Amino acid sequence: MEEEPHTLGLALGGGAFRGTAHLGVLKALEEEGLRPGFLCGTSAGAMAAAFYAFGMSPEEIRNIARNLRWLKATNLTFSKLGLLSNNEIGKFIEKYLGDVLIEDSSIPLAIVAADISTGEKVVFKTGSLADAIMASTCIPGVFMPAQINGRMLVDGAIVENVPVKVLKEMGAKVCVGVDLGSGGYRQPESLVEVLLNAFSIAIDRTIHHQRDQADLIIKPSLAGYSLTDSGNSIKLYAEGYRSGIMALDEIKILVEKAGPSSLEVLEQKFKSWLEI
């Protein structure tokens with residue numbers, strides 16, 4: 001019998017094509033009845049969180065992710081604000097999930113982006129899912145910023161790569177983060193890969209204080225996996241699953257100690273009232 005998930009929140013961090021590892025973590029938790037009651041994500045983590053929150057299984061998400069042409073040269077733009085257009089992400093979301101709103105997800109969902117003009121963290125909890133994901137995955141320099149509500153928005157990793165703080169604000173009692181960083185870097189072979197490596201190195205150097213806010217950080221072993229290689233999805237999924245399995249006992253203890261959420265208390269009171 002599955003445990004009620006209302007106390008558990010999962011924050012999924014960025015990692016480009018390493019994001020497939022998030023799906024393995026979700027699968028491991030799901031098998032033990034630890035389906036999260038809150039989801040928050042940044043960049044690749046935002047994509048994984050979004051598809052899962054809208055009802056897709058980890059295996060389904062992994063299979064369709066192979067069709068994503070995220071860093072292809074066909075998206076080249078002549079804009080002075082970025083090398084590539086990130087419109088492919090928006091089209092990808094709408095193709096598989098439709099023109100949906102964030103607030104319509106089956107699991108409460110938040111997506112993190114950053115205002116490149118002010119440095120402000122921007123958290124999407126309502127509005128167009130496709131727009132929010134486009135913003136959250138706009139790696140500065142690689143992609144043109146997303147223009148939303150008068151803001152120029154880019155990858156949320158520069159403000160909170162593993163957005164545990166947002167989970168707390170959403171009401172999660174147990175906050176678990178999944179960090180895909182510090183997996184090592186390959187020698188770049190293109191300007192895009194130079195920019196990706198530089199971005200990832202900078203994020204890895206500043207993430208420590210975010211980890212401290214989590215009750216637990218799951219960190220798959222991703223050394224040797226490229227940020228740009230989409231051909232390792234099965235291995236990345238397996239690494240995520242393994243790290244999720246290793247964390248299960250600790251998560252169960254945390255959930256048990258946290259006790260029922262306010263929603264669970266209300267549900268129990270309602271059941272008791274019906275029995276009177």
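**Salt bridges and their surroundings**

Analyst: Glu 160 and Lys 121 are joined through their side chains in a salt bridge, at 2.6 Å from N to O. This is a predicted model. The bridge connects distant parts of the chain, 39 residues apart: Glu 160 belongs to helix H6 (residues 157-160), and Lys 121 to strand S5 (residues 121-124). Glu 160 has a relative accessible area of 4%, so this residue counts as buried, the limit being under 20%. Lys 121, at 27%, is partly exposed.

Asp 179 pairs with Lys 219, with the closest N and O atoms 3.4 Å apart. Here both partners lie in loops: Asp 179 between strand S9 (174-178) and helix H8 (191-206), Lys 219 between strand S10 (216-218) and helix H10 (233-258). The two are 40 residues apart, and the pair again links distant parts of the chain. Asp 179 is buried, with a relative accessible area of 0%, whereas Lys 219 is partly exposed at 37%.

Another salt bridge is made by Glu 59 and Lys 27, whose closest N and O atoms are 2.9 Å apart. This one ties helix H3 (residues 58-65), which holds Glu 59, to helix H1 (residues 20-31), which holds Lys 27; the pair is 32 residues apart and links distant parts of the chain. In this pair the acidic residue, Glu 59, is partly exposed, with a relative accessible area of 26%. Lys 27 has a relative accessible area of 17% and is therefore buried, since that value is under 20%. The count of salt bridges in the model comes to 7.

The nonpolar cores are the other part of the picture. The largest has 71 residues, and the members that touch the most others are Phe 124, Leu 129 and Ile 251. Helix H2 (residues 44-53) is the element that gives the most to this core, with 8 residues. Beyond its neighbours within four places in sequence, Ile 251 is in contact with Leu 8, Leu 29, Leu 34, Val 176, Leu 216 and Ile 218.

Terms used. Residues numbered from 1 in each chain as written. Predicted model: local features only at pLDDT ≥ 70, side-chain atom pairs only at ≥ 80, totals over all residues. Heavy atoms only, no water. Core = buried A, V, L, I, M, F, W, Y, C linked by side-chain atoms within 4.5 Å. Buried < 20%, exposed > 50% of the residue type's maximum accessible area, 1.4 Å probe, protein only. Helix = DSSP H or I, 4+ residues; strand = E, 2+ residues; numbered from the N terminus. Contact = heavy atoms within 4.5 Å. Salt bridge = Lys/Arg side-chain N within 4 Å of Asp/Glu carboxyl O.
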